[in-house]
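These are my notebook entries on a structure that I looked up. I set down each point in the order in which I examined it.

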Amino acid sequence: MAELLHQPFSSFSFNGMKLESRRVGDVRKVASLKPLQCVLNEKDNRRIVVLKNGKDSLDMCRVVNGMWQTSGGWGKIDHDKAVDAMLKYADAGLTTFDMAEIYGPAEDLYGIFINRIRRERPPEVLERVRGLTKWVPPPVKMTGSYVRQNIDISRKRMDVPSLDMLQFHWWDYSNTGYLDALKHLNDLKEEGKIKTVALTNFDTERLQIILENGIPVVSNQVQHSLVDMRPQQKMAELCQLTGVKLITYGTVMGGLLSEKFLDTNLSIPFAAPPLNTPSLQKYKRMVDAWGGWNLFQGLLRTLNKIASKHGVSIPTVAVKYVLDQPAVAGSMIGVRLGLSEHINDANAVFSLVLDEEDVNSIQEVSKKGKDLLKVIGDCGDEYRRI
């Protein structure tokens, strides 16, 4: 296995198709492959995307409601108000929710929410709602019974017979138990307990290994924003060749990519909003790694000009730009359920069209920052490097 982990990108079989590849510098090239399907629904302003891998298929809203904010650190969550807010998002057409078993009460809130949908909404609304969850296990032996036990806990908390999507995270690549876990997850999918298996925060090399081992995954959830363009390098290329799609988080950088932080100076006390949430603190570190606050202000000014031109907000422009990138199927916007909402901004993404002038101006300022692939490493490496 150690040899497999370090071998160059070469020929391998995937879904019965042989990929012939060659390597040019640090960029991996594959000469031929019929990609897996990812279909954009032309109805409803291209709101729905269908992820497909063989017989596995899941349709979801391209703007995803991220529920990390329910885990603490963003303000106290009132469960009743949170579920009311989830219903409001779903009624507005924002029908896909992303959570994890480690996000505090997120899965439990979804369970209450989905039961209210069943009771209080017509069947067609229930058919559109999707719950994407994650499993982040400790590095113990991945036996079939252990994997099953944990997936059953999520199914019970979310009160669903089958998880729409299970996104798997693994901390330590030197421990190849992630392959055992994914094979057991695939078995549970065949039993009907999971509809689609996916990844979160895996790098390009390990995604390739997973596919080489014949394990079908439909997506990889990774950090991706106008500051963090790492997924558009090695990862997007492999995804485009194999049909695996990207679901992005951190796309509005916890709110840093917004009018709220335009023309602010963090070095002067009280001259800017406080960085008082885990997400703001996390993505401020990304800004520092990318090029610093002054350069970030240049990016915000560019986005503000584009937003004003189209009559939308800075976050809407930031999300749309990432959604337009190769291999990206969906982008996440964190929801502070019952505390604040961004339904109008999120829905504006579907009708926004960035023209060539917009794209060029964004790229001009974005490329002034550092290449975070060189600074941090590939997708997910921020979680594995000290």
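In what sense do β14 and β15 pair, and over how many bridges? I found that β14 and β15 pair in the parallel sense over three bridges. Here two strands pair if DSSP finds at least two bridges between them. Helices (H or I, at least four residues) and strands (E, at least two) are DSSP runs, numbered from the N terminus.

I noted that this is a predicted model, in which local features need pLDDT of at least 70 and side-chain atom pairs count only at pLDDT 80 or more, while totals for chains, interfaces and linings use all residues. Residues are numbered from 1 along each chain as its sequence is written, and side-chain values use heavy atoms, with hydrogens and water left out.

Entry on strand β15. I saw that Ile 247 stands opposite Gly 330 in β15. Strand β8 (residues 63-66) also pairs with β15, in the parallel sense over four bridges; there, Asn 65 has Ile 333 as its bridge partner. Six of the seven residues of β15 (residues 328-334) are buried, so this strand is largely enclosed by the rest of the structure. Buried means under 20% relative accessible area, exposed over 50%, partly exposed in between (1.4 Å probe, protein chains only).

Entry on Thr 264. I located Thr 264 in the loop between β14 (245-249) and α9 (278-290). Thr 264 is buried, at a relative accessible area of 10%. Leaving aside residues up to four places away in sequence, I listed its contacts (heavy atoms within 4.5 Å): Ala 271, Ala 272, Pro 273, Trp 293 and Gln 297.
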